[in-house]
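Here is a short briefing on one protein model.

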Amino acid sequence: MNKIIQTIGTVKALEVLGKMESRNNKIPQANLQLAPLAHWVVNFFSCYACMVIGLILFAFTRLEIGVGASISLLIFLCYSLREWFLMWEERAEEIRVLHIAEVYSWKELSEAEMHKLTLSIRNRPSHVLLSYILYFVPHALFSAHLYSMF
């Protein structure tokens with residue numbers, strides 16, 4: 001009798017796992033490309049590279065060292081800020097798509113509630129301006145490190 005109960009329990013557990021797996025295959029999974037830690041490391045060393053480019057400009061031109069470093073840092077910041085913006089917006093759009101797919105997978109909602117939820121998800125802000133706080137962490141670290149060196 002005990003073996004029969006264990007077998008039935010095992011079959012039920014396998015059925016539940018099968019349902020969970022089939023549900024997971026229907027809902028798309030996240031493919032988020034934004035890795036802030038990698039950008040922090042790249043930005044930190046890029047700030048050093050901009051300082052070296054500023055030194056090279058100082059050595060070969062009549063520019064002062066501060067002007068050369070500022071020019072190279074400004075060019076790098078413009079490019080880097082644009083890349084951060086594009087990656088952050090892409091990440092926010094992927095999250096919106098995942099949330100909309102999850103809303104459409106709910107069976108207990110009416111059609112009007114689904115459309116209302118999807119509209120609110122589509123109109124959700126990406127908070128890219130707040131993300132620039134996260135972006136400028138390596139620049140603040142570089143400035144603090146540079147200040148402590150001199």
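Buried means under 20% relative accessible area, exposed means over 50%, and partly exposed lies in between (1.4 Å probe, protein chains only). By that scale, glutamate 93 is partly exposed at 42%. The model is predicted: local features need pLDDT of at least 70, side-chain atom pairs count only at pLDDT 80 or more, and totals for chains, interfaces and linings use all residues. Residues are numbered from 1 along each chain as its sequence is written, and side-chain values use heavy atoms, with hydrogens and water left out.

**Fold**
- The protein has 6 helices and 0 strands; helices (H or I, at least four residues) and strands (E, at least two) are DSSP runs, numbered from the N terminus.
- The pattern along the sequence is α-α-α-α-α-α.
- Of contacts (heavy atoms within 4.5 Å) between residues at least 6 apart in sequence, 71% join residues at least 24 apart.

**Surface**
- Of the 150 residues, 21% are buried.
- The accessible surface (Shrake-Rupley method, 1.4 Å probe) is about 11,200 Å², and carbon and sulfur atoms hold 69% of that.

**Salt bridges**
- The whole structure has 2 salt bridges, each a side-chain nitrogen of Lys or Arg within 4 Å of a carboxyl oxygen of Asp or Glu.
- Arginine 96 pairs with glutamate 93 at 3.1 Å, N to O.
- Both lie in helix H3 (residues 65-105), 3 residues apart, about one turn of the helix.
- Arginine 96 is buried, at 11% relative accessible area.
- Arginine 82 bridges to glutamate 83, with the closest N and O atoms 3.8 Å apart.
- Arginine 82 is exposed at 52%, while glutamate 83 is partly exposed at 27%.
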